[in-house]
Structure formats: C-alpha cells, structure tokens
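The sequence and structure are shown first.

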Amino acid sequence: MTVIEAGQTAINKPSAEVFAFLADCNNHKQLMPAQVINWQSTEVTCSFTIQGTADLALRMKETIEDALIALEPDGRKPFDFMLKWVINPAANGCTVNAILEADLNMFLKMVAVKPLENFLKYQVEQLKTVMNG
C-alpha cells in the first residue's frame, strides 16, 4: 500500500466547521483544479473526469465527527484507494491533512505518486482558501 500525504495545513476555523464542509461531497467541487470536468455530486457521492487521465466516482465510506472523512471509489476505478481527510483541533482552529492510501503497482507508483501528491496539496490549499476566505 502506498501512502501519499498533502501534509498538515492550519485552517483558522473550528474542526466542526471544516468537518461539516468536507462531509458534504457537493462542497468538494470547490477544491478541484481546473482540469476536473463533468462534476456531479450528492451529499455522499461525487463523480468527475480529470482531463486526459481518468473518470472517477467516490462515495463516503466513513466519518468520525469533527475528525475524519473517508472516501472510497464507487464503481469502476483505476486502482484500489481510500482518500482520507484527517482533521485535528489546534489552538487557532484546526489542522487538516489529505491522505491517499493506494494500491499501486510499481509502474503506477513511478508515474502517479507526484501528480497525486500535487493533487492532494492543491485540494488542501483550496480548502484553506475557501474556509479562511
């Protein structure tokens, strides 16, 4: 299993507020880069296309109030993975980390780790912008 992390990012909002935002998949569109198209979502699912890469569908698998949101593939997937948003209380709000646990073969690992890490970092920075906005 390959673990890719965005890294801890401070957000000046309470963990409950960040959790509430991330617990609704409709809000995740605001965290996506421009190359994400064909967005569709409900409160617990989302599907989209990353131009030139893949069509993905995700669904909420697990939530722990104010601490964790876990999304898993829904339907066809390029590889097995789990996307986790980990939220921890901090002095002036909370910290958030996006973690992707993926079952990547050696070839995929060589070509996909850096783009996936950049994708996670982008999402966390967007979350910080949206929440602190």
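## A residue in the first strand

Thr-2 lies in strand β1, where strands (E, at least two residues) and helices (H or I, at least four) are DSSP runs numbered from the N terminus. The model is a predicted one, in which local features need pLDDT of at least 70 and side-chain atom pairs count only at pLDDT 80 or more, while totals for chains, interfaces and linings use all residues. Residues are numbered from 1 along each chain as its sequence is written, and side-chain values use heavy atoms, with hydrogens and water left out.

Thr-2 has a relative accessible area of 8% and is therefore buried, a term that means under 20% relative accessible area, as against over 50% for exposed and in between for partly exposed (1.4 Å probe, protein chains only). Leaving aside residues up to four places away in sequence, Thr-2 touches Leu-100, Glu-101, Ala-102, Leu-104, Lys-109 and Val-113, contact being heavy atoms within 4.5 Å.

## The nonpolar core

The largest nonpolar core has 39 residues, and those with the most contacts inside it are Val-18, Leu-22, Phe-48, Trp-85, Val-96, Leu-100 and Leu-127; such a core is a set of buried Ala, Val, Leu, Ile, Met, Phe, Trp, Tyr and Cys residues joined through side-chain atoms within 4.5 Å. Among the elements that each supply at least two residues of this core are α1 (15-22), β7 (81-90) and β8 (93-102), but α2 gives the most, with seven residues.

With residues up to four places away in sequence not counted, Leu-100 touches Thr-2, Val-3, Ile-4, Phe-81, Met-82, Leu-83, Leu-116 and Leu-120.

## Helix α2

α2 has 27 residues and reaches 38 Å from its first C-alpha to its last, close to the expected 39 Å, which is 1.5 Å times one less than the number of residues. At Ala-112 the helix bends by about 50°, and Pro-115 follows within four residues; the bend is the angle between axes fitted to the seven residues ending there and the seven starting there.

The buried residues of α2 include Ala-112, Leu-116, Glu-117, Leu-120 and Gln-123, and its buried residues pack against β1, β2, α1, β3, β7 and β8.

## Two cysteines without a disulfide

The count comes to zero disulfides, a disulfide being a pair of cysteine sulfur atoms within 2.5 Å. The sulfur of Cys-25 is 4.7 Å from the closest cysteine sulfur, in Cys-46, and so is too far for a bond. Cys-25 counts as buried at 0% relative accessibility, and Cys-46 counts as buried at 4%.
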